[in-house]
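Please keep the structure in view while reading.

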Amino acid sequence: MRGEPSCPRCGGRVRAPGLFTDAWQCDVHGTVHPLQPVVPPSVEALTVAVARAEVPVWMPWPLPVGWLFTGIAHAGDDLSGGRASAVACSGPGPLGGPGELVLVAEELGVGLGARFAGLPGPDPGDAIAVDRPPHAKVLAAGRPTALWHVAGAPDDRAVFVGEARGLWLWAVVWPERSGLLMYDELVLTDLRDAGAELDLLPCGALSPRLLG
């Protein structure tokens, strides 16, 4: 399942740095931070990604009852470190049935969050109205963090975005009705600040959302 790095915005092939450029290149989106191949979820895989991350690695902690860690993806290379992280969790939805949540932290312009959100990207732009009150709030690394519902996302998901630690924080929830999860004032932990708690993390099967 290792595969090759891909474009974080479209999933297309990327060219590695070479003689004429020191950056990864996508034919469609130009210079990008490459999305690294996704591996099956495990504490070991998560620990490696966290160690490389230059951005927060957000996860609800404690996880909602019955929820599991179901994968991590990151964009960046060995030289630049992880410039975007996407953590997937799965469990029972607040209205019944299965629910899935992907939390993305990223630098401006990476485009990974917009990809999961189903938006052209790379950033929210006019899809959010920050001049209006936020639709939801989370506690991110101990700080109250406002999130706005994103208009124009596909009907099968609910998308929220805000800013935490000076970077984009995206929350994408499937199906759309499971977006109610975001109104429960989730507590998010940056796993870079976690310690031995990581060893207790319950893992499930790899979320197909990270492969889309």
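A pocket, as used here, is an open set of grid points with protein on both sides within 12 Å along at least five of seven lines. The model is predicted. Its largest pocket has a volume of about 210 Å³.

**The pocket**

The largest pocket is lined by 15 residues. Nearest its centre lie Ala23, Trp24, Thr31, Val32 and His33. By class, seven lining residues are nonpolar, five are polar and three are charged.

**The three-stranded sheet**

Three strands form an open sheet in the order β1-β2-β3. Pairing in this sheet is antiparallel. β1 (14-15) and β3 (30-32) are the edge strands, and each pairs on one side only. Strand β2 spans residues 24-26. Three bridges join β2 to β3 in the antiparallel sense. Cys26 has Gly30 in β3 as its bridge partner.

**The nine-stranded sheet**

A second open sheet holds nine strands. Their order is β4-β12-β8-β9-β10-β11-β7-β6-β5, and the pairing is mixed. Which strands stand at the edges? They are β4 (58-60) and β5 (68-77). Each has a single partner strand, so one side of each is left without a neighbour in the sheet. On average, neighbouring strands of this sheet are turned by 25° against each other, direction ignored.

Helix α1 (residues 43-52) packs on the sheet. The helix touches β4, β5 and β6 (81-92). Its direction makes about 35° with that of β5.

Strands of a sheet pair through backbone hydrogen bonds, either parallel or antiparallel. Strand β8 (residues 136-140) and strand β12 (residues 187-190) pair in the parallel sense. Two bridges link them. Ala140 stands opposite Leu188 in β12.

| Strand pair | Sense | Bridges |
|---|---|---|
| β2 (residues 24-26) and β3 | antiparallel | three bridges |
| β8 (residues 136-140) and β12 (residues 187-190) | parallel | two bridges |

**The cavity**

How many cavities of 30 Å³ or more does the structure hold? There is one. About 40 Å³ of space lies in the largest cavity. Its lining consists of Met59, Trp61, Thr189, Leu191, Ala194, Glu197, Leu198 and Leu201. Six of these residues are nonpolar, one is polar and one is charged. Met59 is part of this lining, and β4 covers 58-60. Thr189 also lines the cavity, and β12 covers residues 187-190.

Technical notes
Residues are numbered from 1 along each chain as its sequence is written. This is a predicted model: local features need pLDDT of at least 70, side-chain atom pairs count only at pLDDT 80 or more; totals for chains, interfaces and linings use all residues. Side-chain values use heavy atoms; hydrogens and water are left out. Two strands pair if DSSP finds at least two bridges between them. Helices (H or I, at least four residues) and strands (E, at least two) are DSSP runs, numbered from the N terminus. Axes are lines fitted to C-alpha atoms, for helices over the stretch in contact, and angles run from 0 to 180 degrees between N-to-C directions. Contact means heavy atoms within 4.5 Å. On a 1 Å grid over the protein atoms alone, a cavity is a set of points where a 1.4 Å probe fits but cannot get out, and a pocket is an open set with protein on both sides within 12 Å along at least five of seven lines; lining residues have an atom within 4 Å of a point. Grid points are joined across faces, edges and corners, and a volume is the space filled by probe spheres set on the points. Ala, Val, Leu, Ile, Met, Phe, Trp, Tyr, Cys and Pro count as nonpolar, Asp, Glu, Lys and Arg as charged, and the others, Gly among them, as polar.
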